[in-house]
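Work through the exercises below with the model open beside you. Try each task before you read its solution.

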Amino acid sequence: MAAPKDYYKILEVEEKADQDTIKKSYRRLARKYHPDVSGKSGEDKFKDINEAYEVLSDPKKRREYDQMRMGYAHRQARNQGPGYQRVTFDDGFGEWGSIFEDLFSQAGADSGFSTTRTQTQHVPEETVTLTLEQVARGETVQLTVSEPQICPVCHGRNANCTRCGGLGQVMEPRKFSVSIPPGLESGSVLRVGSHAKLRVEVAANPRFVRQGNNLLGKLMVPVPLAAMGGEVPVKPLIGDVVMVKVPPHTNQGKVLRLRGWGLVQRGTNVKGDLLLQVTLRFPEPFTAEDDQLYQKLRENHKEVGGEIHAP
Ligand SMILES: [Zn+2]
C-alpha cells in the first residue's frame, strides 16, 4: 500500500501546528488554489487541501490520522532495518502485508548449547498489527518461532552431547501459518506452536470506528440531496461501492443502517451492520445562484430555531 498522503505537507504546516495555524494556512492555500482562481490546473491541489483540512481540523480525525501515519512509518522503518525475521501475509496486500518483527533471538539455535528449560521460561509474544480490512476478511500470518526439537546431533541418545548439553532437545526455528479468523478483536492473543503467542492489534481506520461487530462512520451528504432525497455512493470497508438511499428531508445526525455490512461475529456467519451518521454539507463552492436560492428559502421560512437539547 502506498504511503498515506502527507496532510501536513499539503497544508504547509508543521506536525505540531495548532488549530489556528492550520486554519490560517488552509485559508491562504484555499484562496490560492481555488478552482475559480487557478482554474482546472489547481483542482486536484484544491481537493487535496480540502481533504487535508477536513482531517487536520478535526481533533479526533487528526489523532486517528497521526496514529495511522505513525503505524505506517513504523512498518517502513522495520522494512529497512537489518537483522529481522519476516512476518508475511499471503494475500497479496503488498507493503501492508510485509511486517517485520524482531522475533526471538536465535541464541539457543546458534550457540550450540541450549536447554528447553531456559528457553521456555520467557514466553515469546509477537505482535502483528492488522488493518480493519484484514480483520474483516480474516488473514493468514506467517511466523517463525523457536520450537523444541529432538537434537539433530545425538538424537537424544548422548548424555555428553555438546549440541544439546545432554538434554536431547534443542530450540530450532520453525515456520507457522497462523490463521486469524475474521472479526477478531484488537488485543486478542493466539497461541503459536507449543509455547509462543501472537497478539493481534487492529490499526485505527481513517473512515470507520468499530463497535462490537458494527462499523460506525460519518457520511457526508450535500444539503440539497438531503433535502430532496437521493442516492449517495458509499465505499464500504471491503467490497465495491454501493448506492445508499438518503430519504427526503434527512436531518443532520440521522443514522442510516446498512444491515450486514459490518464485521462477522466470530465463529458464526452473522454479520454486524454499518451505521452511517449523516453529516450535512453545503455545496462547495457556494455560487451566487446558490446564494439566491437559499435567500429564497430563508424568506419562505421565518422560523429561527434556537432550541437547545442536551447532546
Ligand atoms: Zn544432543
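## Exercise 1: A four-strand sheet

An open sheet of mixed pairing is built from 4 strands, in the order β8-β9-β13-β12. Strands here are DSSP runs of E with at least two residues, helices are runs of H or I with at least four, and both are numbered from the N terminus. Two strands pair if DSSP finds at least two bridges between them.

This is a predicted model: local features need pLDDT of at least 70, side-chain atom pairs count only at pLDDT 80 or more, and totals for chains, interfaces and linings use all residues. Residues are numbered from 1 along each chain as its sequence is written.

**Task.** Find the edge strands of this sheet, then follow the pairing of β8.

**Solution.** 
- Step 1. β8 (209–211) and β12 (255–258) each have a single partner strand, so one side of each is left without a neighbour in the sheet.
- Step 2. Neighbouring strands of this sheet are turned by 35 degrees against each other on average, direction ignored. Axes are lines fitted to C-alpha atoms, for helices over the stretch in contact, and angles run from 0 to 180 degrees between N-to-C directions.
- Step 3. β8 pairs with β9 (residues 214–222) in the antiparallel sense, over 3 bridges.
- Step 4. Valine 209 has leucine 216 in β9 as its bridge partner.

## Exercise 2: A three-strand sheet

**Task.** Take the open sheet β3-β7-β6, of mixed pairing. Which strands stand at its edges?

**Solution.** 
- Step 1. β3 (125–130) and β6 (188–192) stand at the edges. Each has a single partner strand, so one side of each lacks a neighbour in the sheet.
- Step 2. β3 and β7 run parallel and share 6 bridges. Valine 128 is bridged to valine 200 in β7.
- Step 3. β6 and β7 run antiparallel, joined by 5 bridges. Serine 188 stands opposite valine 200 in β7.
- Step 4. β6 and β7 form a hairpin with 3 residues between them. Glycine 193 in the turn has a positive phi of about 65 degrees.

## Exercise 3: The cores

**Task.** Which residues touch the most other members of the largest nonpolar core?

**Solution.** 
- Step 1. Start with the terms. A residue is buried if 20 or more other C-beta atoms lie within 10 Å of its own, exposed if 12 or fewer, and partly exposed in between; C-beta atoms are placed from the backbone. A nonpolar core is a set of buried Ala, Val, Leu, Ile, Met, Phe, Trp, Tyr and Cys residues joined through C-beta atoms within 7 Å.
- Step 2. The largest core has 22 residues; Leu143, Val178, Val192 and Leu198 touch the most other members.
- Step 3. Elements giving two or more residues to this core include β4 (139–150), β5 (169–180) and β7 (196–202).
- Step 4. At least three residues of this core come from each of domain 2 (82–202) and domain 3 (207–295). Domain bounds come from an automatic or database domain assignment.
- Step 5. A second, separate core has 14 residues, among them Tyr33 and Ile49.
- Step 6. Now take leucine 198. Beyond its neighbours within four places in sequence, its contacts include Glu126, Val141 and Leu190. Two residues are in contact if their C-beta atoms, placed from the backbone, lie within 7 Å.

## Exercise 4: A helix

**Task.** Check the span of helix α10 (residues 288–300). Is α10 largely buried or in the open?

**Solution.** 
- Step 1. The expected span is 1.5 Å times one less than the number of residues.
- Step 2. The number of buried residues in α10 is 0, so α10 lies largely in the open.

## Exercise 5: Backbone details

**Task.** Which two residues does a cis peptide bond join? Where are glutamate 12 and histidine 155 placed?

**Solution.** 
- Step 1. The cis bond joins glutamate 284 and proline 285, with omega about 0 degrees. Proline 285 is in the loop between β13 and α10.
- Step 2. Glutamate 12 is in the loop between α1 (7–10) and α2 (19–33). Its phi is positive, near 55 degrees. Glutamate 12 is partly exposed, because 15 other C-beta atoms lie within 10 Å.
- Step 3. Histidine 155 is in the loop between β4 and β5. Its phi is positive too, near 50 degrees. Histidine 155 has 11 C-beta neighbours inside 10 Å, so it counts as exposed.
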